[in-house]
Amino acid sequence: MTDTDPETASAFTSLLTESRTFPPDPAFTAQANAGVELQEEAERNIEAFWAARAAELQWERTWDHVLQPGGSGTASWFVGGRLNVAVNCVDRHVESGHGDQVALHWIGEPGDTRDITYADLLSQVSRAANALESLGVREGDRVVIQLPMIPEAVVSMLACARIGAIHSVVFGGFSPAALRARVDDAGARVVITSDGQFRRGTAAPMKTNVDEALLGEPAIDAVLVVRRTGTDVPMTPGRDLWWDEVMAEQPDSHEAQAFDSDHPLFILYTSGTTGKPKGIVHASGGYLTQAAYTHRMVCDLKPDTDVYWCAADVGWITGHTYIVYGPLANRATQVMYEGTPNTPHQGRHFEIIQRYGVSIYYIAPTLIRTFMKWGEEIPDGYDLSSIRLLGSVGEPINPEAWIWYREHIGGGRAPIVDTWWQTETGAIMVAPLPGITATKPGSAQRPLPGISVRIVSEEGRPEAPGGSGYLVVDRPWPAMLRGVWGDPDRAKEVYWDRFAAQGYYFAGDGARYDEDGDVWLLGRVDDVMNISGHRISTMEVESALVSHIAVAEAAVVGASDATTGQAIVAFVILRASVEELGANLDAAVKELSQHVVTEIGPIARPKRILVVPELPKTRSGKIMRRLLRDIAEGRAVGDTATLSDPASVSAIADSFRAR
Ligand code: WTA
């Protein structure tokens with residue numbers, strides 16, 4: 001939290017008056033994995049409840065304690081227990097006779113396909129685990145993975161898990177500079193990447209970005225390069241190795257050892273309220289328990305009959321928990337698609353659903369709104385009757401998109417689960433239970449059985465139905481973050497200090513209760529933007545902008561956007577006039593935009609950059625982002641009473657409208 005009352009007030013103002021509800025279809029209820037008894041079980045004895053969920057995994061040694069408070073506000077789960085996460089996701093399914101079941105129906109963007117069974121996955125993960133060990137990777141070592149949506153991404157992650165190495169997956173949309181910062185922060189020894197990736201019908205580079213990121217980086221022992229596009233790439237002797245060549249030399253069996261429940265499984269960097277992303281650390285036993293449980297109950301997975309498709313990227317937490325760990329722990333058969341939804345045509349997703357008989361489809365609201373824009377005649381032209389459940393994640397889903405999703409993708413019958421959670425929570429926290437909950441368009445509704453959240457006031461007092469405030473988690477949960485990599489106190493400062501007296505985890509989201517006590521998320525109350533479901537902090541973009549020599553000061557806001565949820569709008573003050581800098585305004589703006597892409601990556605490219613003479617500031621010198629948001633969203637500018645120079649705001653508003 002960096003802002004006080006007036007700044008956050010707008011986040012709490014919800015204009016929603018949505019009152020439709022959709023009771024569960026009795027036919028769905030009859031077959032649902034979840035039942036009302038789940039909540040009763042959790043209320044009876046919370047530790048016994050989670051122990052029963054953990055017991056569905058395979059442990060080499062059972063835990064001594066379900067839960068033990070740890071440092072930094074977090075807790076250790078299943079203390080004393082030992083397990084191997086990869087064995088849980090792969091080996092045990094082969095051992096139980098399901099080796100021939102397809103784990104991944106993979107579809108490349110150009111149309112090539114691969115079906116990978118659990119037996120195939122076991123042999124590939126085993127080879128990759130052997131390969132990493134042959135490169136000297138040991139328990140606790142960090143491996144950075146930057147790969148497109150190809151099976152090797154899943155194989156690499158599981159291979160790390162199998163040998164107790166900690167993976168840090170970096171989304172392909174991050175720049176070399178952002179990748180370098182993550183490699184350095186984690187102290188990685190090995191990087192896994194590919195020659196290139198297919199995006200929008202063309203082969204884009206990947207390995208050359210990695211090379212740029214690793215320039216003069218002595219700590220890297222090896223770069224493993226998966227052949228995907230066949231692009232010619234320079235290979236650094238003594239460091240770079242072709243994945244297929246290394247894999248071919250390795251035996252396809254590997255003896256896995258078990259690790260402590262609290263052993264770190266992965267680091268995933270996410271934006272917070274500072275310019276520097278935080279490496280969120282997740283551990284093994286608790287994380288996998290909640291990943292598998294939530295996936296089974298919220299996605300209602302039936303491993304023998306469902307075809308499940310989560311269209312996230314493995315570079316984000318949704319890909320980690322709901323492509324890799326949750327579904328594979330539950331023996332799902334899933335679809336994995338490499339490319340963009342409109343390549344080669346706008347019906348691509350629906351064609352895949354029809355072809356593979358996808359029954360569970362889990363995507364972000366930004367994609368739903370994009371489909372709406374493209375037109376309902378596109379999904380209406382395909383047979384989507386296999387769909388029986390729809391999921392939404394990453395941002396608040398507006399009721400209009402919810403209804404459209406239900407009608408045009410879900411055939412007016414499939415329940416929709418709007419799932420609220422975060423990189424830090426590791427797994428779903430608030431969501432309807434399909435078949436149990438009467439759903440409401442736009443509401444994530446209730447904490448799952450075993451999870452407890454509240455909406456509280458500024459002072460931490462619980463709100464009553466109808467009230468709004470900050471969303472907090474008031475009890476430890478198994479998939480909770482285990483800290484911030486390399487910074488033992490940071491998690492406590494960021495997430496627990498805000499409500500230290502009450503011991504609440506502060507999520508950074510505003511929320512309200514409706515009269516029934518259901519939860520409606522209202523967006524971030526801090527300086528984190530949500531662009532197409534990607535978390536980017538205003539500070540990160542600001543520090544990228546001011547790192548350009550021509551920029552004196554920058555203020556960035558997330559402005560509402562009909563498709564992407566929010567869009568990045570930047571206001572910058574230049575060091576000298578544009579003329580003095582020897583440029584024209586358009587060229588300057590273009591260059592600054594490109595500079596942000598270079599520093600962070602294409603996902604952070606501002607939608608608009610406005611060069612301004614001044615920024616609105618309070619008398620104490622704090623930038624009033626609320627006013628900039630008003631301008632960027634075309635609203636009448638709010639209260640300017642506390643400004644040092646009220647006239648500056650109308651000048652900015654005028655030039656924003658003029659351009
Ligand atoms: C937002 C993504 C409303 C929220 C899983 C949260 C949501 C941030 C929802 C975490 C939802 C995620 N409704 N808002 N169903 N799901 N959010 O870490 O602001 O990438 O704090 O995790 O996304 O984003 P992250």
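A: What follows goes through the helix pair, then the ligand surroundings, and ends with a residue elsewhere in the chain. The model is a predicted one, and the description below should be read with that in mind. Two packed helices are described by the angle between their axes and by the distance between those axes. For helix α14, which covers residues 365-374, and helix α16, which covers residues 399-409, the angle is about 70° and the axes are 10 Å apart. Because angles of 65 to 115 degrees count as roughly perpendicular, α14 and α16 are described as roughly perpendicular to each other. On the α14 side the contact is made by I368, R369, F371 and M372, which meet E400, A401, W404 and Y405 of α16. Of the residues in this contact, 6 are nonpolar and 2 are charged, while none is polar.

Turning to the ligand, 17 residues lie around it, and those that come nearest are D418, T419, T423, D509 and R535. For T419, a polar backbone atom is 2.8 Å from a nitrogen atom of the ligand. For T423, by contrast, it is an N or O atom of the side chain that is placed 2.6 Å from a ligand oxygen atom, and the side chain of R535 likewise has an N or O atom 2.7 Å from an oxygen atom of the ligand.

Elsewhere in the chain, A27 belongs to helix α2, which spans residues 26-31, and A27 counts as exposed because its relative accessibility is 51%. The C-alpha atom of A27 is separated by 43 Å from that of G558, a residue 531 positions away along the chain.

Conventions:
Residues are numbered from 1 along each chain as its sequence is written. This is a predicted model: local features need pLDDT of at least 70, side-chain atom pairs count only at pLDDT 80 or more; totals for chains, interfaces and linings use all residues. Side-chain values use heavy atoms; hydrogens and water are left out. Helices (H or I, at least four residues) and strands (E, at least two) are DSSP runs, numbered from the N terminus. Buried means under 20% relative accessible area, exposed over 50%, partly exposed in between (1.4 Å probe, protein chains only). Axes are lines fitted to C-alpha atoms, for helices over the stretch in contact, and angles run from 0 to 180 degrees between N-to-C directions. Angles under 35 degrees count as roughly parallel, over 145 as roughly antiparallel, 65 to 115 as roughly perpendicular and the rest as oblique. Contact means heavy atoms within 4.5 Å. Ala, Val, Leu, Ile, Met, Phe, Trp, Tyr, Cys and Pro count as nonpolar, Asp, Glu, Lys and Arg as charged, and the others, Gly among them, as polar. A residue is near a molecule or strand if one of its heavy atoms lies within 4 Å of it. A polar contact is a pair of N or O atoms within 3.5 Å; within protein, one must be able to donate a hydrogen and the other to accept it, and residues adjacent in sequence count only if both atoms are side-chain atoms.
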